[in-house]
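Here's a quick briefing to read with the viewer open. Have a look at the overall fold, then follow the topics one by one.

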Amino acid sequence: MTATDEPVLQAHFEDTIARMSRIEPRDWMPQAYRATMIRQIAQHAHSEIIGMQPEGNWITRAPSLRRKAILLAKVQDEAGHGMYLYGAAETLGADRADLTEKLIASRQKYSSIFNYPTLSYADVGVIGWLVDGAAICNQVPLCRSSYGPYARAMIRICKEESFHQRQGYELLLTMMAGTQEQRDMVQDATNRFWWPSLMMFGPPDDASPNTERSMAWGIKPHTNDELRQRFVDMTVPQAGRLGVTLPDQRLRWNEARGRYDFGPVDWDEFNAVVSGNGPCNAQRVARRKAAHDEGAWVREAALAHAAKSEGQHCERARLTTAPHHG
């Protein structure tokens, strides 16, 4: 590519975005767009992988074989989501091993929500209801993202996240129909996860350094605050049906706006957690690093097998094409 080619390619890129078409891996794209996509997809992939830990802690302690199977299947889904997303990042030239190294070295981030502990089994249901519900609000619009591999991965991920959300809500309905102790567990879990769930949408629009450019490039169609409002409006009626109280004294319907008003998010807490000072940051990264280190022999064996298979394939090809004498 010459210097004279770049303005033409830039114009074609911008036209593709304006037509709401997709940028594909072999298309020319600005380096800033590539870097932004790698950052966003990597953060999403890391979130799926780290997000296996809070609920995974409850697989062996789930109260029945059915509940264990449901939770195990969900955690497996999250692993699959991470793999889809790492694959999407690789189409941009990122290296999966390098992304993992950056995660365990705390040089790349993941969703702040996974740095909170799961103290009771009710947390499993509340994570399904609130955390996966927030993820759905965040991610469904990404099915129309301008980068093709990411948008296509999101279609499948959102279908599965929607199922996870319904599973979580069903678990909470069952617990709310149980004993007072179970109802208290659900309320306590709701109290602890409500505000961190609102933080999942990222900082407020006036403090979000990436939103404006991401929207201009068609990576995301809505601002953080728009998505946060949509989540609140969706969740308040669900809380009413469930029979729990959301821990916000300022939460009330605003007839003039046609939306719910809600109290201020504690952005000091959000910034502390994002900076690595949350309740479980060190534990989550340490466990991911331990799993990565313990799996080194599997990766080495897979690479050795692949090299051996490639060698055998080359030898068969050589023998097949070698001239025969006699």
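Predicted model: local features only at pLDDT ≥ 70, side-chain atom pairs only at ≥ 80, totals over all residues.

The protein has 13 helices and two strands, and its C-alpha atoms fill a box of roughly 90 × 55 × 30 Å along the principal axes.

**Overall picture**
- The chain runs to 326 residues, and 46% of those count as buried.
- Take the contacts with a sequence separation of 6 or more: 77% of them come from residues 24 or more positions apart.

**Helix H2 against helix H7**
- H2 covers residues 31-50 and H7 covers residues 148-176; their axes come within 13 Å and cross at roughly 25°.
- Angles under 35 degrees count as roughly parallel, so H2 is roughly parallel to H7.
- As for handedness, H2 passes H7 in a left-handed crossing.
- On the H2 side, the contact is made by Met-37, Gln-40, Ile-41, His-44 and Glu-48.
- H7 brings Tyr-150, Met-154, Ile-157 and Glu-161 to that contact.
- Sorted by type, the residues where H2 meets H7 are five nonpolar, two polar and two charged.

**Helix H8 against helix H10**
- The axes of H8 (residues 180-199) and H10 (residues 224-242) come within 9 Å, crossing at roughly 145°.
- From H8, the residues involved are Trp-194, Ser-197, Leu-198 and Met-199.
- Facing them in H10 are Arg-228, Phe-231, Val-232 and Thr-235.
- By type, the contact of H8 with H10 splits into five nonpolar residues, two polar and one charged.

**Ser-47, a residue of H2**
- Is Ser-47 buried or exposed? Ser-47 sits in helix H2, and its relative accessibility is 9%, under the 20% cut-off, so Ser-47 counts as buried.
- Leaving aside residues up to four places away in sequence, Ser-47 touches Tyr-110, Ser-111 and Phe-114.
- With Ser-111 there's a polar detail to look at: a polar atom of the Ser-47 side chain lies 2.7 Å from the backbone nitrogen of Ser-111.

**Pro-63, a residue in a loop**
- Where is Pro-63? You'll find Pro-63 in the loop between helix H3 (52-56) and helix H4 (65-90).
- Pro-63 has 60% relative accessibility, over the 50% cut-off, so Pro-63 counts as exposed.
- Pro-63 and Tyr-121 are 58 residues apart along the chain, with 8.7 Å between their C-alpha atoms.

Note on methods
Residues numbered from 1 in each chain as written. Heavy atoms only, no water. Axes fitted to C-alpha atoms, helices over the stretch in contact; angles between N-to-C directions. Helix = DSSP H or I, 4+ residues; strand = E, 2+ residues; numbered from the N terminus. Parallel < 35°, antiparallel > 145°, perpendicular 65-115°, else oblique. Left-handed = near helix turned anticlockwise from the far one by under 90°. Contact = heavy atoms within 4.5 Å. Nonpolar A, V, L, I, M, F, W, Y, C, P; charged D, E, K, R; others polar. Buried < 20%, exposed > 50% of the residue type's maximum accessible area, 1.4 Å probe, protein only. Polar contact = N/O pair within 3.5 Å; in protein donor to acceptor, adjacent residues only side chain to side chain.
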